[in-house]
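Here are some notes to read alongside the structure, written as numbered points. Please keep the sequence at hand while going through them.

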Amino acid sequence: MDELLAIRAIPDYPSAVNGVQLANIGDIERIATAVDFSTETISGAIDVGARLLIVHHGMFWGGVQPITDHRHKRLWMLMTHDVAVYSAHLPLDVHPDLGNNALLAARLGLSPSGGFAPYQAIDVGLSGTSEIPTRTLAERAAALAVGSGGHLVATPFDEERVTRRWGICTGAGADSATLRDAVARGLDTLIVGEGPHHTAVEARELGIVILYAGHYATETFGVRALGERVADHFAITSTFIDVPSGL
Ligand SMILES: [Zn+2]
């Protein structure tokens, strides 16, 4: 997975700690995948007999904290069941086949032709051209959001509006920097997971429509695809543990 995802070459936030986060001892004959590292996803992994849990938001996402309460429970559950943890954050967002952005674009019927949303030396998101009614795109994004127990939030737009230049950045994809980048690239529609309130206000003034489809809903693709790729390679089984965050 480190090689497949170019884990060492792709920059990330310090708390991402990409790669193996917790080792185990026994053989791995079954794996589980989940968007988030939590007591519930660990339970799900244990219930299916997985000895490896692959997550997008890893064990250290909340920063350095005492290993007490639910944090202690998580580790105790993992170690008593000999379950390892592997995490891939931005390397899994940006991967051309297994990435959250590429797979979300495909799900929405969009073909990427470039990048979007720079972080250090890489573009985290994708962009491309289309000739699709914004309403149609919003309906597809809404179906995705509802499928993960959420709902679509969209900035206002006219019924006849057409999306010609779009940008996708899954998860917390909308912020001041991505809006600036969208303007620089001439994008008219952004599809993201979530973003702060001011991005919706600014978008209207910039003539950009933002579709917020949910952080969780836009990030189930990558871990699922990675788990299936690994399972195929080793002729084992991968199970996606679906625990929507509600956001
Ligand atoms: Zn995320």
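1. Is His-57 buried or exposed? His-57 has a relative accessibility of 6% and is therefore buried, a word that stands for under 20% relative accessible area, with exposed meaning over 50% and partly exposed lying in between (1.4 Å probe, protein chains only).

2. Please bear in mind that this is a predicted model, in which local features need pLDDT of at least 70 and side-chain atom pairs count only at pLDDT 80 or more, while totals for chains, interfaces and linings use all residues. Residues are numbered from 1 along each chain as its sequence is written, and side-chain values use heavy atoms, with hydrogens and water left out.

3. The zinc ion is coordinated at 2.1 Å by His-57 (NE2), His-215 (NE2) and Glu-219 (OE), where donors are N, O and S atoms within 2.8 Å of the metal (3.2 Å for Na, K and Ca), and because water is not among the atoms, sites may look incomplete. Along the chain these donors follow the spacing H-x157-H-x3-E.

4. His-57 and His-215 are 158 residues apart, the former in strand β3 (residues 52–57) and the latter in the loop between β10 (209–212) and α8 (221–234); such helices (H or I, at least four residues) and strands (E, at least two) are DSSP runs, numbered from the N terminus. His-215 is buried too, with a relative accessible area of 16%.

5. Asp-82, in the loop between α2 (69–80) and β4 (84–87), is buried at 17% relative accessibility. The side chain of Asp-82 makes a polar contact with that of Arg-51 at 3.2 Å, that is, a pair of N or O atoms within 3.5 Å; within protein, one must be able to donate a hydrogen and the other to accept it, and residues adjacent in sequence count only if both atoms are side-chain atoms.
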